[in-house]
Amino acid sequence: MVDVSDRELIDRFRATDDVFHFNELVTRHIGKVRALISPMVFNSADADDLTQEVFLKVIDNLHGFNQKAQFSTWLYRIAVNTCYDFLRKRKKDLLACRKNMPDIPDYAAGPADLIFNRELDSRIEEAMESLSPSLRSAIVLTAIHGMSVREAANLEKCLVATMYWRVHQARKLLGRKLGVHPGQAGSRAGAGRENAI
Amino acid sequence: MNNMAPMLKEWAGRRAASKDELRRLAGRIAAMAPARIRRVHDRERLPCRLRFVQVCAAAAAAAIIAFFTVWHLADMGSALKGEDVFAKIVFTGGQITEGRRLFGEYERLFFSQLRWLAECDGEIKLGVAPVPEKALGAEAPLYYRLVVVSRKHGKGAWRPVWSTDILLRPQELVRLTPGCRDKSSVALWIYPFADGKVMIDANMSLDIGRGITYRTSDILSLGKPGEVTAMRFEDREYRVFQTVILPGRAS
């Protein structure tokens with residue numbers, strides 16, 4: 001199955017409605033979709049539910065997908081829009097949800113790292129939460145998922161200039177919240193922990 | 001991204017699901033997939049005729065509203081053909097009320113999925129797609145007007161040669177090909193600031209004269225027209241103006 005392209009899998013699924021082909025698409029893309037949703041909603045259970053919702057939407061719409069765009073682009077667009085819908089519905093409860101979120105320990109790290117990461121995560125989440133969904137999405141797509149601004153703009157169906165502006169705004173706001181300045185250490189691999197963020 | 005990207009990547013990495021978790025999640029989806037596929041089949045087979053009737057009804061309603069809209073907006077356009085052409089680039093109170101009513105009607109018709117509405121060359125164009133969260137919060141659409149005026153070089157009165165009105169949600173990207181002008185294209189995005197100013201990103205290619213093409217990123221005060229560009233082709237001069245209002249916000 002590794003040699004079969006997404007396009008072929010889609011064609012086969014459309015022709016046969018065999019769930020096997022769909023499941024193969026899920027296996028290929030579930031990690032990326034879940035990783036895209038997770039930093040948007042801050043809660044593992046919600047991220048799982050939304051990931052599931054995204055793939056069910058794919059079933060609903062796959063027959064109408066014209067394959068002009070790459071399947072992955074189309075899929076991520078659904079994921080981003082699903083996040084927008086979710087954030088709109090749960091705007092008021094978002095903070096409560098986040099606080100109820102179970103901690104995700106970094107098992108590879110020692111206790112000191114664990115405490116440091118927890119504190120850092122909390123600050124990053126707070127900063128991310130202060131961003132509007134579109135700014136959050138811009139930073140998730142470009143900074144975390146390494147998409148180019150053009151790719152992110154294509155995915156969000158907005159002008160490249162708009163996406164530049166969103167990334168710039170998001171970066172500025174995050175920088176202000178996290179106290180990150182150019183040239184300053186930004187990760188644990190950097191200079192001192194006190195200066196890390 | 002400098003140092004921010006690695007830090008965010010690490011943060012996202014710590015939040016990532018393990019392989020086992022992903023496998024379980026994929027299993028959950030796989031378990032639900034067959035029922036969903038059946039549902040899609042049922043939806044496609046059974047109510048086909050019903051859906052056809054629904055689509056026809058919606059199309060008919062849209063056509064009726066479009067007729068009245070064109071009628072009204074044509075009237076709006078004719079208001080520009082006066083002596084004081086620049087004063088009439090701005091929206092009047094009546095046009096704002098009418099615009100709000102039309103946008104509301106189309107919005108109801110398309111179940112709150114209306115992203116923008118534009119009048120170009122006597123045609124109504126609509127952008128219909130699920131509206132994201134950021135836009136639904138906005139109380140009213142922005143009103144954008146683009147007017148191209150022209151005169152013989154150095155003499156005569158400026159007269160409007162083309163105009164378009166676009167009602168759009170804040171931060172909504174509008175892309176359209178105006179009516180009968182195949183070579184024209186309009187791309188527009190507007191972001192309203194809290195201080196009564198708006199940022200307008202526009203990428204226009206208008207089939208007027210030998211072609212008016214420009215790409216701008218302007219900051220404009222709400223309600224105050226601004227000149228976007230000016231050019232001259234042989235003995236004719238052209239100037240392009242734009243204005244934006246957000247009803248309910250002081251201009």
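Biologist: Leaving aside its neighbours within four places in sequence, which residues is Y144(B) in contact with?

Modeller: Before the answer, a bit of housekeeping. This is a predicted model, where local features need pLDDT of at least 70 and side-chain atom pairs count only at pLDDT 80 or more, while totals for chains, interfaces and linings use all residues. Residues are numbered from 1 along each chain as its sequence is written, and chains are lettered from A and ligands numbered from 1 in the order in which they are written.

Now your tyrosine. Once you set aside anything within four places in sequence, Y144(B) is in contact with I166(B), L168(B), L188(B), I190(B), Q242(B) and V244(B). Contact here says that the C-beta atoms of two residues, placed from the backbone, lie within 7 Å.

Two of those partners come up again when you zoom out to the largest nonpolar core, which has 100 residues. Y144(B), I190(B) and V244(B) are among the residues that touch the most other members, and I37(A), A79(A), C83(A) and I139(A) are on that list too. A nonpolar core is a set of buried Ala, Val, Leu, Ile, Met, Phe, Trp, Tyr and Cys residues joined through C-beta atoms within 7 Å; buried asks for 20 or more other C-beta atoms within 10 Å of a residue's own. From chain A, domain 1 (1-102) and domain 2 (104-197) each give this core at least three residues, with bounds from an automatic or database domain assignment.

As for the chain around your residue, chain B has five helices and 10 strands (DSSP runs numbered from the N terminus: H or I for helices, at least four residues; E for strands, at least two). Of its 251 residues, 30% are buried. Take the contacts in chain B with a separation of 6 or more, and 55% of them join residues 24 or more positions apart.

Chain A, for its part, has nine helices and zero strands.

Where the chains meet, 40 residues of chain B are in contact with 50 residues of chain A. On chain B's side, α1 (4-15), α2 (19-45), α5 (133-136), β6 (185-192) and β7 (197-206) supply at least two residues each. The largest share, 12 residues, belongs to α2(B). That side of chain B divides into 26 nonpolar, five polar and nine charged residues (nonpolar being Ala, Val, Leu, Ile, Met, Phe, Trp, Tyr, Cys and Pro; charged Asp, Glu, Lys and Arg; polar the others, Gly among them).

Definitions and conventions
Buried ≥ 20, exposed ≤ 12 C-beta atoms within 10 Å, placed from the backbone.
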